[in-house]
Structure formats: structure tokens, C-alpha cells
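Here is a short report on strand pairing and charged side-chain contacts. Keep the model open while reading.

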Amino acid sequence: MRTVTQCYTAAGVPQEPNGSGVFTLANNTTYYFELSEVADRSGLSVHLIYGSTLTAAVTSEGSNEDGSVTSYNDGAAGEWASTAQAVRNLAASAGGAMDHHADWMAARMRYKVVVGATGGGTLKLREHGKVRSYP
């Protein structure tokens, strides 16, 4: 298990978590969290832990573009594509949610978090994957 520590705003500004890996997200801002444990995984689980004031729409997106071609805050059309995971709406109530991405095949994954007009708050993401077995 790993706490996700790479987070940027849509404008490319890096964000720093506190010592526990918790990010404080501002109103009316889009954030991108890139996961690192996605390569060569047969399964991937992402645990979202959020504070009582966060109101946001969360989507997972994948890409097979190399990191030297596109960054995880790149908004170019087609560089990132939504996964089959439904949009998750966090609505100002502290809690947690678990996303499972079975048979994950893309080279990269990011979580896009769009914070509402008055929905700033805290968010922590933890990822865990199962390694593919090879003969």
C-alpha cells in the first residue's frame, strides 16, 4: 500500500500533503493525482479518505502515453481517457470510498478531482495493486 503524494492543480502547480499524506483542496479548483503502482498490475485498488467539508466530483482516467509525452495535468484532447469507473461524488460528509480497477491494463492512471464552489476540504488517496504473475 502506498499513499499518493503526487498532486498538481490543472494549472500545473504542485501540491504538498501534510505529514500524514493528506492534501487540503481549495474551492473551485481541479486537481490531478497520479498513481504510481499501476504498471504490471492485474488489479488495482484506490482508497479515498475525505474530510467533512469536501464536495467534489472524482473520476479515474488512464493513459498509454509515455510520461515524457504527456504530464498528468495535461488537458490535451485524447491524452487521458475516462475509465469505466463511474464518477464518484463526495458530498460534505467525512468518510471513505474504495475503487477497484480489475484487470487494469493502461500504463498510467490519474484521479481527477474537481472541487465545487464552496467544497474545499481534505483528501488522502492510498493505492494498492496485485502484481501480474508470469509463467
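Which residue forms a salt bridge with Arg2? Glu127 does, with the closest N and O atoms 2.8 Å apart.

## Basis

This is a predicted model: local features need pLDDT of at least 70, side-chain atom pairs count only at pLDDT 80 or more, and totals for chains, interfaces and linings use all residues. Residues are numbered from 1 along each chain as its sequence is written, and side-chain values use heavy atoms, leaving out hydrogens and water.

Strands are DSSP runs of E, at least two residues long, numbered from the N terminus. Two strands pair if DSSP finds at least two bridges between them.

Strand 12 (residues 121-131) pairs with strand 1 (residues 2-3) in the antiparallel sense, over two bridges. Here Arg2 stands opposite Glu127. Strand 4 (residues 23-25) also runs antiparallel to strand 12, joined by three bridges. Thr24 stands opposite Thr122 there.

## Salt bridges

A salt bridge puts a side-chain nitrogen of Lys or Arg within 4 Å of a carboxyl oxygen of Asp or Glu. The count comes to four. One of them is Arg2 with Glu127. That pair links strand 1 to strand 12, 125 residues apart.

Glu34 and Arg108 meet at 2.9 Å, N to O. Glu34 lies in strand 5 (residues 30-35) and Arg108 in strand 11 (residues 108-115), so the pair ties together parts 74 residues apart in sequence. Arg110 and Glu61 meet at 2.5 Å, N to O. Arg110 lies in strand 11 and Glu61 in strand 7 (residues 55-63), 49 residues apart in sequence.

## Burial

Buried means under 20% relative accessible area, exposed over 50%, and partly exposed in between (1.4 Å probe, protein chains only). Arg2 is partly exposed at 22%, whereas Glu127 is buried at 1%. Glu34 and Arg108 are both buried. Arg110 is buried at 4%, and Glu61 is buried at 8%.

How values were computed:
Helix = DSSP H or I, 4+ residues; strand = E, 2+ residues; numbered from the N terminus.
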